[in-house]
Each structure stands twice: as structure tokens, then as C-alpha cells.
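Here are a few friendly notes to read alongside the model. Please keep the sequence and the 3D view open as you go.

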Amino acid sequence: MRTLSLNARRAREGLAPGEVEVLLIEVTHPDLEAPIRLSTDPTERISTDPLVYGTRSGWRGADPATEPFLFALLSAEVPGDMEEAPASATLVLENVDHAIAELLRSVTSRASVHLAVVLAASPDVVEAEFLDMQLIAAEGDAESIPLTISRQPIEEEGFPMHRMTRDRFPGMFR
């Protein structure tokens, strides 16, 4: 069970209508020079030329002054709390730039994705966090690209974990 702050509980119950939940996304990959940081809310104006909005947060060691989470038009379904189902999420990037689509198609290995839910009024207080997930699929067209994010698929885990040798399992060789 997840613990929420009083402000987050009040926002979900409708007692604090001004509170906005924001999803912060960090994508890392060895081929990237720096992590990609995205936000689902245009919390503040980052620059005027070019016009850029985003959220300043110190989540995951980001420097809020120089490394803001940039606003991206996207919809998100964050991972659930179910114990028997693997943690998975779906992000849909809308109005995708051609360069972003090319970047997603050029990567041959999986990128790591970290998600956090914060409130716009207190972006440094993490309400929910999902770390070390992997980008499983990125397919779409010029209008939108749905990104499927999950933990490492269980099918990719080795079986059996250890080799059945005399040193490791002497009881098998009696």
C-alpha cells in the first residue's frame, strides 16, 4: 500500500481543487548524452525564446535550475499496485516531432525509464515512484507514439539459474 501526503489525499478527494498531479519521466540509455526528462504539466515557463514550459524538481538528483523536466503533451497510465501483475505503464506521446520518432526507431537496446508522481505545488515531494523499468515497445505514426514500459520480462530470465554441477549440487551425483 502506498503512503500519500495530506495534500495528495485532499486533491484526490476533491477537497483541494487547485492541486494538480504531475508525472515526471526520466529516460536513460547509454547512447544518450544526457537523460531525457519530461513532465505532463506546464508548471512554469522555462524560457521565452524558444517558448518552453516544464516542471522544476530535484527528483533523481536533477538540478532544478539547469535540468528541468520539459513539458510534453502526453497521456499516461501509471503502474498499478496489484501484486500478481507485473508493473507496466503506457505513455502516449502526442504531436511527435520527426526527430523524436527517428531517435526511438534507431535504438536497438532497451532504455531505462523512471516515473514519479508529484504535485505541481510541491514537485520535490514524490507521491509515487516507479524505478528501473524498461522501454519495451515504441510504435506509432506522426500523430502519436504509444510507449510500453514494463519491468524486465520474466521470459528473459535464465532458467535454471545455476548449472547442475558436482560442485554446486553434490547430492545429485551420489
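In what order do the elements of the protein chain run from the N terminus on?

1. They run α-β-β-β-β-β-β-β-α-β-β-β. That gives two helices and ten strands; helices (H or I, at least four residues) and strands (E, at least two) are DSSP runs, numbered from the N terminus.

2. A word on the basis of these notes: this is a predicted model, where local features need pLDDT of at least 70, side-chain atom pairs count only at pLDDT 80 or more, and totals for chains, interfaces and linings use all residues. Residues are numbered from 1 along each chain as its sequence is written, and side-chain values use heavy atoms, with hydrogens and water left out.

3. Look for Pro50 in the loop between strand E3 (44-48) and strand E4 (51-55). The peptide bond that leads from Asp49 to Pro50 is cis, with omega near 5°.

4. Next, find Arg60 in the loop between E4 and strand E5 (69-71). Arg60 is not a glycine, yet its phi is positive, near 60°. With a relative accessible area of 39%, Arg60 is partly exposed (buried means under 20%, exposed over 50%, partly exposed in between, with a 1.4 Å probe and protein chains only).

5. Asp132 also has a positive phi, near 55°, in a residue other than glycine. Asp132 sits in strand E9 (residues 122-138) and is exposed, at a relative accessible area of 59%.

6. Finally, the whole chain: 30% of its 174 residues count as buried. Among contacts (heavy atoms within 4.5 Å) between residues at least 6 apart in sequence, 52% join residues at least 24 apart.
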